[in-house]
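Welcome, and thanks for taking a look at this one with me. Here are some notes to read alongside the structure.

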Amino acid sequence: GRENLVCLFVLLDSRLKPQKPDLEFMELLGNNRVPFARVFTKSDKLTRLNLDKSISLYDSEMLKNWESLPVTFITSSVKKIGREEILSFIEESINKLSNGA
């Protein structure tokens with residue numbers, strides 16, 4: 001119920017198949033109208049094809065209960081992938097909150 005909670009980031013290991021606790025947690029967030037984004041981590045550990053497959057598995061599982069998917073980021077702390085995208089998203093979200101949007 002916090003008005004200033006703009007987005008929660010759910011970290012998901014891109015190397016793993018969809019995990020039941022992660023799916024249940026995101027379902028709980030959705031049911032409670034908590035805005036969140038998926039952050040797939042360790043993308044540098046997979047080929048692009050396997051990364052796409054992993055994300056597709058999550059998408060398929062979530063779309064069984066969801067009409068649309070949350071914002072999604074692909075990241076790697078080693079290669080700094082996704083860093084700028086997440087920082088831009090945070091900045092845009094803060095600006096929207098500050099402007100009353």
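**Notes on salt bridges and cores**

1. Let's begin with the charged side chains: the structure holds eight salt bridges. Please keep in mind as you read that this is a predicted model. As a general point, side chains of opposite charge can pair when their charged atoms come close.

2. Lysine 20 counts as exposed because its relative accessibility is 58%. Glutamate 24, with a relative accessible area of 46%, is partly exposed.

3. Next, look at lysine 64, which forms a salt bridge with glutamate 61; here the closest N and O atoms are 2.9 Å apart. Lysine 64 is exposed, at 59% relative accessibility, while glutamate 61 is partly exposed, at 31%.

4. Arginine 83 has a relative accessibility of 47%, so it counts as partly exposed. Salt bridges also link Asp13, Arg15 and Lys42 in a network.

5. Ten residues make up the largest nonpolar core: Val10, Leu12, Met26, Leu29, Phe36, Phe40, Leu51, Ile55, Tyr58 and Met62. The elements giving two or more residues to this core are β1 (8-13), α1 (20-31), β2 (36-41) and α2 (48-62). Of these, α2 gives the most, with four residues. There is also a second, separate core of six residues, including Cys7, Ala37, Ile86 and Phe89. In soluble globular proteins, nonpolar side chains tend to be buried together.

6. Setting aside neighbours within four places in sequence, tyrosine 58 is in contact with Leu12, Leu16, Lys17, Pro18, Gln19, Asp22, Leu23, Met26, Arg38 and Phe40.

7. Is arginine 38 buried or exposed? At 1% relative accessibility, arginine 38 counts as buried, because the cut-off for that is under 20%. You will find arginine 38 in strand β2. Not counting residues up to four places away in sequence, arginine 38 touches Val10, Leu12, Met26, Tyr58, Asp59, Met62, Leu69, Pro70, Val71, Thr72 and Phe73.

Note on methods. Residues are numbered from 1 along each chain as its sequence is written. This is a predicted model: local features need pLDDT of at least 70, side-chain atom pairs count only at pLDDT 80 or more; totals for chains, interfaces and linings use all residues. Side-chain values use heavy atoms; hydrogens and water are left out. A nonpolar core is a set of buried Ala, Val, Leu, Ile, Met, Phe, Trp, Tyr and Cys residues joined through side-chain atoms within 4.5 Å. Buried means under 20% relative accessible area, exposed over 50%, partly exposed in between (1.4 Å probe, protein chains only). Contact means heavy atoms within 4.5 Å. A salt bridge is a side-chain nitrogen of Lys or Arg within 4 Å of a carboxyl oxygen of Asp or Glu.
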